[in-house]
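Dear colleague,

I am passing the structure below on to you, and my notes on the ring contacts follow it.

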Amino acid sequence: MQDESIKLEGDTGDSDVIHGESSAPPPPSPLTQARHFISPYLPPPMLNAMKSIDSNDIMKSSIGDEASMTIMTSLLAIILIGKSMKFLSLLSSGKAVEGLDDDEPEGHVLSELDKDLHSKGLKSGKVGMYGDSIILFGPSYAGKTCLFHTLLLESKGKSDSKMPNTVMSLKADVSMLSAGEKNGSGSNSVRLIDYPGHITLSSQLPKLLYPSSNTGEVRGLLVVDSTKSVSDAAMLLYNTVLTNGALLDAWEMSNETFHIMVVCNKVDVSGAKNWRRIKLQLRTEIEKLKKISSTVSSVDAKVLEENSSEKEEKRQLLGKSIDLDDLSKNGLSQVKISFLSFSCLNKDGLEALNAFVTNGNILTDNSSILSNRKR
């Protein structure tokens with residue numbers, strides 16, 4: 001009996017030990033651990049705000065002990081969900097696949113150009129009947145698509161119609177407009193192409209700028225934002241046209257002149273620069289690029305010669321300074337550049353623009369265009 005009593009007492013002792021272990025405080029919650037981890041990195045005002053929230057009785061009763069951390073994690077989750085939904089919407093719209101996420105981002109920019117022209121030509125009965133081609137190009141958000149629709153509405157006699165909303169596109173758009181009278185190719189229709197301004201798509205642009213042997217002239221409209229820097233436009237013009245050896249060779253062999261009109265858009269905005277100021281800034285930026293290109297070419301000449309397959313066909317501009325009035329001084333006898341101040345909103349400069357687009361005529365002086373600018 002004594003042994004059994006001792007055994008029972010031992011059992012009671014073991015039970016007490018187990019009971020003592022179960023009474024230890026529980027480990028801190030994940031939110032508490034997170035608060036301890038981030039607290040050293042937070043500014044004092046935020047720490048004080050968190051303490052005030054955690055000590056508030058209403059917050060404690062409705063949210064819990066870690067009210068501040070609960071609120072912070074909830075806001076972070078909302079932001080992450082919003083970003084994820086935006087990304088998924090881009091994927092579902094096809095823009096990511098057709099532009100930025102491709103192995104070749106520029107691969108699809110011209111993919112439906114002929115298809116669009118055919119479908120739009122069928123409606124007007126002008127398939128294959130266009131004469132001259134006008135290529136609108138320039139940096140993003142310069143107003144190319146607005147200019148594109150302005151020209152189309154004007155050619156249809158609907159200049160007072162409401163301008164459609166525009167967004168940044170990753171594909172070239174094309175349409176036909178009437179020139180009013182037959183041009184040199186015997187057609188009274190002009191093919192108008194709106195080329196997207198995204199930087200990853202610029203490598204496909206020269207394909208549209210080559211002279212045409214079976215249709216009319218090819219002319220360019222470089223659209224710039226008069227309220228912003230012209231550095232992006234200068235780089236696009238320099239790399240795509242002024243130093244593109246293959247393109248320049250083609251124009252020289254055709255014995256034709258490639259006319260580019262620099263459309264200084266948004267002159268209705270206060271603080272916008274007129275075409276003379278844009279011209280000076282564009283020349284300055286091109287001269288900077290010329291100096292950089294000359295330096296790089298001299299340093300890398302031997303490396304490029306060792307591997308001719310990687311050598312790009314680039315021309316170096318001649319002369320110490322750039323003369324945009326006479327590029328023949330810089331070795332570009334087949335390229336002519338003119339300037340025009342323009343506003344899609346007020347239609348300032350539209351008459352001069354139409355003259356260039358429809359017939360290739362250039363009005364040399366448009367100094368009065370800024371007279372109607374809104375203050």
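How many aromatic pairs does the structure hold? There are 3 aromatic pairs, where the rings of Phe, Tyr and Trp (its six-membered ring) pair if their centres lie within 6.5 Å, and planes under 30 degrees apart count as stacked, over 60 as edge-to-face and the rest as tilted. Please keep in mind that this is a predicted model, in which local features need pLDDT of at least 70 and side-chain atom pairs count only at pLDDT 80 or more, while totals for chains, interfaces and linings use all residues. Residues are numbered from 1 along each chain as its sequence is written, and side-chain values use heavy atoms, with hydrogens and water left out.

One of the pairs is that of Trp251 and Phe258, which is stacked at 4.9 Å centre to centre with 15 degrees between the planes. Trp251 is buried at a relative accessible area of 2%, and Phe258 is buried at 0% (buried means under 20% relative accessible area, exposed over 50%, partly exposed in between, with a 1.4 Å probe and protein chains only).

Trp275 and Phe339 also form a stacked pair, because their ring centres are 6.5 Å apart and their planes stand at 25 degrees. Since Trp275 belongs to helix 11 (residues 275-306) and Phe339 to strand 6 (residues 335-341), this pair ties together parts that are 64 residues apart in sequence; helices (H or I, at least four residues) and strands (E, at least two) are DSSP runs, numbered from the N terminus. Trp275 is buried at 12% relative accessible area, and Phe339 is buried at 7%.

Best regards
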